[in-house]
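Here are a few exercises to work through with the model open on your screen. Try each one yourself before reading the solution.

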Amino acid sequence: MKNFYLSSLAKLRDAVDGLGLLAMRIWLAQEFFIAGWMKLSYGRHAPEWFAGLSFPLPLNFLSADLNWLAAGIGETLLSALLLLGFQARFASLGLLFITWVAVYTVHFDLGFAGWDQIETEAGQGFKLPLMMACMLLATLTQGGGRWSADNIVCRLLRRVRLQTA
């Protein structure tokens, strides 16, 4: 009976392995995709509030319009990679950089406050970006997980290497 219980538990663990990373990737991808799409939908020219921001090095050498466009393209493309789990570590690193820039330029001065100010004129503190950064750190260190394109590619390459060896 004990062996049956342990084998059933192991099968269940194997079945759900990676679902947490998949759920995080899906949530993060939709958040960043919406933010990026909003920027790209606005147009090539940055809004006034964005143009007045002080960007960190080396981004301060770029125009506000170029920073706006780069952030929009980066959030959109990297979120698609993260969703698929293709080059998940690269996508996480890029999105971490974008998050750091956003916190540095906008969110940090607004304080830690988060949920009650997300959709208000008062803005948004750095609580939500900090949580997103922690989730990105998990995908940066662990990869996309079992349910990712990276994992599928690795398994296929392993199979090819075994067949040619």
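## Exercise 1: α5 against α6

The crossing of helices α5 and α6 is left-handed; this is a predicted model. Work out which residues make the contact of α5 with α6, and how the two helices run relative to each other.

Solution. Start with the contact itself. On the α5 side, look for R89, S92, L93, L95, L96, T99, V103 and H107. Facing them from α6 you'll find P129, A133, L136, L137, T139, L140, T141 and Q142. Now sort that set by class: you get 9 nonpolar, 6 polar and 1 charged residues.

Next comes the geometry. α5 covers residues 88–107 and α6 covers residues 127–142. Their axes come within 9 Å and cross at roughly 160°. Anything over 145 degrees counts as roughly antiparallel, so α5 and α6 are roughly antiparallel to each other.

## Exercise 2: α2 against α4

Find the angle at which the axes of α2 and α4 cross, then say what classes of residue make up their contact.

Solution. Pick out α2 at residues 19–42 and α4 at residues 64–84. The two axes come within 7 Å, with a crossing of roughly 150°. That makes α2 roughly antiparallel to α4. As for handedness, the crossing of α2 and α4 is left-handed.

## Exercise 3: the salt bridge

How many salt bridges does the structure hold? Which residue does K39 pair with, and are K39 and E75 buried or exposed?

Solution. Count first: there is 1 salt bridge in the structure. K39 forms a salt bridge with E75, and the closest N and O atoms are 3.0 Å apart. Then place the partners: K39 sits in helix α2 and E75 in helix α4, so the pair ties together parts 36 residues apart in sequence. Last, check accessibility: both K39 and E75 are buried.

## Exercise 4: around M24

Which residues does M24 touch, leaving out those up to four places away in sequence? And how far is M24 from L83 in space, C-alpha to C-alpha?

Solution. Begin by locating M24, which lies in helix α2. Leaving out residues up to four places away in sequence, M24 touches M135, A138 and T139. Then go to L83: M24 and L83 are 59 residues apart in sequence, yet their C-alpha atoms are 9.2 Å apart in space.

Methods: Residues numbered from 1 in each chain as written. Predicted model: local features only at pLDDT ≥ 70, side-chain atom pairs only at ≥ 80, totals over all residues. Heavy atoms only, no water. Axes fitted to C-alpha atoms, helices over the stretch in contact; angles between N-to-C directions. Helix = DSSP H or I, 4+ residues; strand = E, 2+ residues; numbered from the N terminus. Parallel < 35°, antiparallel > 145°, perpendicular 65-115°, else oblique. Left-handed = near helix turned anticlockwise from the far one by under 90°. Contact = heavy atoms within 4.5 Å. Nonpolar A, V, L, I, M, F, W, Y, C, P; charged D, E, K, R; others polar. Salt bridge = Lys/Arg side-chain N within 4 Å of Asp/Glu carboxyl O. Buried < 20%, exposed > 50% of the residue type's maximum accessible area, 1.4 Å probe, protein only.
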